[in-house]
Amino acid sequence: MLKLSSTSIVMERLLVNTITDTLFDTTSCLNCAAPLGGPYCAQCGQKKAGRMGVATVRKEAWARFRWFEWRVLLNALRVLRAPGGMAREYVLGRRKDLPHPLTLLCLAIGLLLLVLSHTEYLRPVLPSEAAQRVYALVTSYSKWSFSLGVVAAYLSAWCLFRRRLGYNATELLALALYCQAVFIAWQMINQLPLVLAPSPALLHWHRQWSPWYMTTLQALVFIGALRQFFLAELRRDGWRLVLAGALFALLKWQATQLYAHAVVAWVLWQRDAG
Ligand SMILES: [Zn+2]
């Protein structure tokens, strides 16, 4: 009932045929028509709207830039330094200022795919057209193997720290998603030399060594994140942190192998079926 009548108040306003300043002298929210008790609507959260003018647009745009995007962007970058600290703050209720873990991860994946599309042309020249096609299919599926870090991070955190501080399964997942966003950011940095100065020798070196040093780097990032998230102390929880890092690296490695085998099997099956 309230919903219907407030909607009709908002609709009625749309029929007014002269826009005047006095239209904005109202004690109702101009977004949802709920009565206003302060500068912000208690129902929908919109700030009391004033008439648009050059000054307000400039001020609002600046305020939004400053308070929404700029702050969220800065916080999104802060995840690089402290994924575990940020996950802990998010779990404890700091929602507006911090990016949602899934949003942040989607953003990171989008950026990574953009970077990878630039290294795409580095594919080797293969003897037959069929081999080229299989290679292209395998690389397109391999892009998603980066997401396996979420599973590895989640499982190792669960195995070694699950009872600590009373976190539930979803809260642990938030930690794993923030970690994955950081892994992807490092992966992007790792791809940069291939974009900036591509050469067959560099590509060969990169293919051979990056799985090793990237897994090590990710394990270290993960250990740091666990330390922040679970307020772990090196003296008391050192061995547990090291074990979690090792388990993470092992799971990541195994999952990547499994995934690679599954992709190859799937691609071969598709080739034979088609
Ligand atoms: Zn409202």
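Me: What is leucine 160 in contact with, leaving aside its neighbours within four places in sequence?
Reply: In this predicted model, leucine 160 is in contact with Arg240, Leu243, Ala244 and Leu247.

Me: And how far is leucine 160 from leucine 247, in sequence and in space?
Reply: They sit 87 residues apart in sequence, and C-alpha to C-alpha the distance is 9.3 Å.

Me: Which helix is leucine 160 in, and is leucine 160 buried or exposed?
Reply: Leucine 160 belongs to helix 6. It counts as buried because it has 21 C-beta neighbours inside 10 Å, and the cut-off for buried is 20 or more.

Me: OK, zooming out. How many helices and strands does the chain have?
Reply: Nine helices and zero strands. Along the sequence that reads α-α-α-α-α-α-α-α-α.

Me: What percentage of the residues count as buried?
Reply: 19% of the 274 residues in the chain. As for contacts, take those between residues at least 6 apart in sequence: 69% of them join residues at least 24 apart.

Me: Which residues have the most contacts inside the largest nonpolar core?
Reply: Ala157, Leu175, Tyr178, Cys179, Ala181, Phe222 and Leu226, in a core of 39 residues. The elements giving two or more residues to this core are helix 3 (83-91), helix 4 (101-119), helix 6 (148-161), helix 7 (169-196), helix 8 (200-229) and helix 9 (234-273). Helix 7 gives the most, with eleven residues.

Me: What does phenylalanine 222 touch, not counting residues up to four places away?
Reply: Phenylalanine 222 touches Ala153, Cys179, Gly245 and Phe248.

Me: Let's stay with helix 8. Which of its residues are buried, and what do they pack against?
Reply: Phe222 is one of them, along with Gln218, Ala219, Val221, Ile223, Ala225, Leu226 and Phe229. The buried residues of helix 8 pack against helix 3, helix 6, helix 7 and helix 9.

Me: Where does helix 8 bend?
Reply: At tryptophan 209, by about 45°. A proline, proline 211, follows within four residues.

Me: And what end-to-end span should helix 8 have?
Reply: It should span 44 Å, because it has 30 residues at 1.5 Å a residue. The end C-alpha atoms are 41 Å apart, which agrees.

Me: Which residue with a positive phi follows helix 8?
Reply: Leucine 231, with phi near 45°. Leucine 231 lies in the loop between helix 8 and helix 9, and it is exposed because it has 12 other C-beta atoms within 10 Å. Most residues other than glycine have a negative phi.

Me: What about alanine 33, what is its phi?
Reply: Alanine 33 also has a positive phi, about 70°, although it is not a glycine. It lies in the loop between helix 1 and helix 2 (54-78). Alanine 33 is buried, because 23 other C-beta atoms lie within 10 Å.

Me: Switching to helix 3, which of its residues are buried, and which positive-phi residue comes after it?
Reply: The buried ones are Pro83, Gly84, Met86, Ala87, Arg88 and Tyr90. Glycine 93 follows helix 3, with phi near 115°.

Note on methods:
Residues numbered from 1 in each chain as written. Predicted model: local features only at pLDDT ≥ 70, side-chain atom pairs only at ≥ 80, totals over all residues. Core = buried A, V, L, I, M, F, W, Y, C linked by C-beta atoms within 7 Å. Contact = placed C-beta atoms within 7 Å. Expected span 1.5 Å × (residues − 1). Bend = angle between axes of the 7 residues up to and from the residue.
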